[in-house]
Amino acid sequence: MSMSSKDQGSPAVVASDEEPPDTRAAALAVSSARERAEAEHGSPHTAEHEQTAEHDSRHKLTTVTGLAALSLDAMASVAYGPEAIVLVLAAAGAHGLGFTLPVTLAIAALLAVLVASYRQVIAAFPDGGGSYAVAKTHLGKRTSLVAAASLVLDYILNVAVAVTAGVAALTSAFPGLYDTRLWLCLAVLVLITGVNLRGIVESARVFIVPTVVFVLAILTLIVVGLLRSAPVSTEASAGHASVLADNATTVGALMLLKAFASGCSALTGVEAIANAVPSFRAPAVRRAQRTEIALGALLGVMLIGLSVLISRFHLKPVEGVTVLAQLADASLGHNWAFYVIQFATMTLLALSANTSFGGLPVLLKLLARDNYLPHVFGLKADRQVHRHGVLALAAVSALLLVFSGGDTNTLVPLFAIGVFVGFTIAQTGMVIHWREQRGPGWRGKALLNGFGALLTGVSAVVVTATKFHDGAWLIVVALPLLVLCFEAVHRAYGRIGDALGLGRVPEAPHREHSLVVVPVSGLSRLTSEALTAAASLGDEVLAVTVTYQDPEDQEAAAALRRDWELWNPGVDLLEVPSATRTVGRPVAALVQRLAEQRPGTRVTVLIPEVEPTRLWQRLLQNQRGAVVAHAVRRDTDAVICRLRFRLTAAA
């Protein structure tokens, strides 16, 4: 516990120009011998570095685990993307439903553009960040913050929508659980958060099986449905009211744009892989690109296949039954296979929130690195987890769930606007990127990204306009507010940097007279250890005890004076009277007076505290040390040192 006294000296390594020549030669000889040994047998630091790299690699993603961790949002969107198209076109009657496949093909074309674009984003910006990184490099600070804010909002809303949609599927199968849907949503959120705190690879391993089951179930549904000439069953929709308009209306450009924009909700999550490139194993860029292509191929096949079946079976939307459920009923029949698809859809919808937990913490890390968020979001835990980002996402999502009461329809109008804004910014930035790079085929790539920016920009405007009164106005308000928050944090860090003189050569360090103040309340081993440590730290030590006016307190103070004189530790004991029962303010006032009376003296307050062997024993402590530390930190500029005295197991 005790520290070496300055008078006794302490070992130190000092580089000096006055070092004797023979000493320098010996040092060079030792260094050369070490270098030769490391070259022949390998450096122990190199081996340690390799072990660390191997340990970190175990907590990073492969292509398969990347699909499971970062693609659940996009995969699950096939459950509501085609339905969003059908519900818009249903206003034009059966004639309108005939445009389901053309609209889906247009969305699939946009998907191909986005996949190709984000594949290039991954290569150009391997540190992750997606549209934020692109905009920061090519479109300026303010635009990059808009992209970041849109992604943050989209990720948060994705968690809330995914969890409520999954629970809604559960309560549809078991109506008795409907009244507890909010608690079910919060329970699912806690489960997903706990899994992600174990590490992104751990979450991916947990979610591989549900992802595989869902993808195989949808592909089976499509293949079997293509082999049928008519629906094998319509039991799922029997007895449900149709939402199809009775009289066909003209299918105009605006309706097609609304159907296209609504169906583009199936594209949410495509950007998550580009945002989380650092989470992949080396070579991270190549693995992330392969994962992006695999996601695009699977999503495109499922979207087009389901739309073909909608047209093939002349499906009509009804109240209370999803389009996907009707397709499963028509292709596979109302049997166990139908319930497998429903259960797999329910599970994947609930777990698709994991995409946000994989992508948002990496984005928050980049914002923290650029001083737009508190630096704590840049810290990693042992399992390569940005723990603070995960917990912040869970907390805000929980607030959204409570606000919505676990109702999906309250949140859906807010969803997907942010991702379209991010898509448009990323595509526009990549056009500038190709113009600046001017590599082989840059014109075609720039044209492709420009076309994608136009499509996603139109989608963003249409979705915002059509859903503005349904709650989309909240996103219109929240987006600039979040940008203003980023800028406020950045200005605060700028002021802190100026005060600390970051980027400038500081003045040379110099020695000052040191006074160490030790608050004491009695004699014990803790007091002895504290004074020993103080004598090791400072040139002068002063013990301080706070006394009160009550008779019993005066008797205790007198007893401490007598014991102190008998003990005679060589340190003066100063009594500080206090009119109230407080201990922090009198010590802080004394420290402030000492600093004013002794200019050029460095005052340190050393607070001795007991470190119990068991956690529950902390409840037995009076917390006087914490009170004193808080008062000194608030009212003075003194250095605070908290000495931990560890109790033995026997004690």
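**Helix 3 against helix 14**

Okay, so let's start with the packing: helix 3 and helix 14, residues 284–312, sit at an angle of about 60 degrees, with axes 9 Å apart. Those axes are lines fitted to C-alpha atoms over the stretch in contact, and the angle runs from 0 to 180 degrees between N-to-C directions. That makes the pair oblique, the class left over once you take out under 35 degrees as roughly parallel, over 145 as roughly antiparallel and 65 to 115 as roughly perpendicular.

Who makes the contact, meaning heavy atoms within 4.5 Å? From helix 3 we have Thr 63, Gly 66 and Leu 67, and from helix 14 Arg 287, Arg 290, Thr 291, Ala 294 and Leu 295. They split into three nonpolar, three polar and two charged, with Gly counted as polar and Arg as charged.

Quick caveat: this is a predicted model, where local features need pLDDT of at least 70, side-chain atom pairs need 80 or more, and totals for chains, interfaces and linings use all residues. Numbering runs from 1 along each chain as its sequence is written, and side-chain values use heavy atoms, without hydrogens or water.

Now, Thr 65, which lies in helix 3, residues 63–70. Is Thr 65 buried or exposed? Buried, at 9% relative accessible area; the cut-off is under 20%, with exposed over 50% and partly exposed in between, using a 1.4 Å probe and protein chains only. The Thr 65 side chain also reaches the backbone nitrogen of Thr 62 at 2.7 Å.

Zooming out, buried residues make up 47% of the protein's 651 residues.

Conventions:
Helix = DSSP H or I, 4+ residues; strand = E, 2+ residues; numbered from the N terminus. Polar contact = N/O pair within 3.5 Å; in protein donor to acceptor, adjacent residues only side chain to side chain. Contact = heavy atoms within 4.5 Å.
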